[in-house]
Amino acid sequence: MKFSNNRILLAGLIVVFCGVLLSCGYRIIGSTVLPFSSIIIKPVENRTYEPGLQDRLHSALSREFINLGISVNRIESPVVLEASVIAFTLGAVGSINEVIKEQELVMKVDIRLTDHERVTEFRAMASPIKITFLAAGTVSETVAEKERAIEKASEEIAKETISKIIVQYAK
């Protein structure tokens, strides 16, 4: 297969341009979104009667920070995140003949981020999307659906928390 001189020249110019761009200290937006490389996530406090929420939220927060390339430590980091699950409610969304078929899950969390002396608080953080699950099957099926909904709510709250932290550092 023959390449024309124009294509070779164009490819060479693109390579040179990328090399110059990278060597000038420019970086792609989003490559380092937070100014710290490690964080301590303290054990999450669960102020509700629903068991296990603290573990799911802690795992979701850890995963989100690790996905950003930030190590989650137990000791030795100037950045500390504290979270408290303050509300957990289930509400009926759909019913047929007074039998609940779908439920909505609402979970609210208070977040406190301490970076040296800088303290940032986010009150009553909730999932930005509505989280529902089917409640029409057997008890074990409904419980499994509820567990998946709790996991989804934890993930969404963790993502929302990261987004708000990024916005705070961008200011």
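**Residues, strands and helices**

Colleague: Is Glu117 buried or exposed?

Modeller: Glu117 counts as exposed, because its relative accessibility is 75% (buried is under 20%, exposed over 50%, partly exposed in between, with a 1.4 Å probe and protein chains only). Please note that this is a predicted model, in which local features need pLDDT of at least 70 and side-chain atom pairs pLDDT 80 or more, while totals for chains, interfaces and linings use all residues. Residues are numbered from 1 along each chain as written, and side-chain values use heavy atoms, without hydrogens or water.

Colleague: Where is Glu117 found?

Modeller: Glu117 belongs to the loop between β5 and β6 (helices, H or I of at least four residues, and strands, E of at least two, are DSSP runs numbered from the N terminus). Its C-alpha atom is separated by 9.2 Å from that of Pro78, although the two residues are 39 apart along the chain.

Colleague: And what is the phi of His116?

Modeller: Phi of His116 is near 55°, which is a positive value in a residue other than glycine. His116 sits in the loop between β5 (99–115) and β6. With 55% relative accessibility, His116 counts as exposed.

Colleague: What about the phi of Ala124?

Modeller: Ala124 also has a positive phi, near 50°, and is likewise a residue other than glycine. Ala124 is placed in strand β6. At 38% relative accessibility, Ala124 counts as partly exposed.

Colleague: Which residues does Glu121 touch?

Modeller: If residues up to four places away in sequence are not counted, Glu121 touches Ile111 and Arg112. Glu121 is in strand β6 as well. Its relative accessibility is 36%, so Glu121 counts as partly exposed. From C-alpha to C-alpha, Glu121 and Ile165 are 9.6 Å apart in space and 44 residues apart in sequence.

Colleague: How many residues apart in sequence are Ile41 and Ile75?

Modeller: Ile41 and Ile75 are 34 residues apart in sequence, and their C-alpha atoms are 9.5 Å apart in space.

Colleague: Now the helices. At what angle do α2 and α3 pack?

Modeller: Helix α2 (residues 53–67) packs with helix α3 (residues 139–170) at about 45°, and their axes are 8 Å apart (axes are lines fitted to C-alpha atoms, for helices over the stretch in contact, and angles run from 0 to 180 degrees between N-to-C directions). This makes α2 oblique to α3 (under 35 degrees is roughly parallel, over 145 roughly antiparallel, 65 to 115 roughly perpendicular, the rest oblique).

Colleague: Which residues make the contact?

Modeller: On the α2 side the contact is made by Leu53, Arg56, Leu57, Ala60, Leu61, Arg63, Glu64 and Phe65. The α3 side contributes Glu147, Ile150, Glu151, Ser154, Glu155, Ile157, Ala158, Lys159, Thr161, Ile162 and Ile165. Leu61 and Phe65 of α2 are also among the contacts of Ile41, and Ile165 of α3 is the residue whose C-alpha lies 9.6 Å from that of Glu121.

Colleague: To finish, how many helices and strands does the protein have?

Modeller: The protein has 3 helices and 7 strands. From the N terminus, the elements follow the order α-β-β-α-β-β-β-β-β-α.

Colleague: What percentage of the residues is buried?

Modeller: Of the 171 residues in the protein, 32% are buried. Turning to contacts between residues at least 6 apart in sequence, 68% of them join residues at least 24 apart.

Conventions:
Contact = heavy atoms within 4.5 Å.
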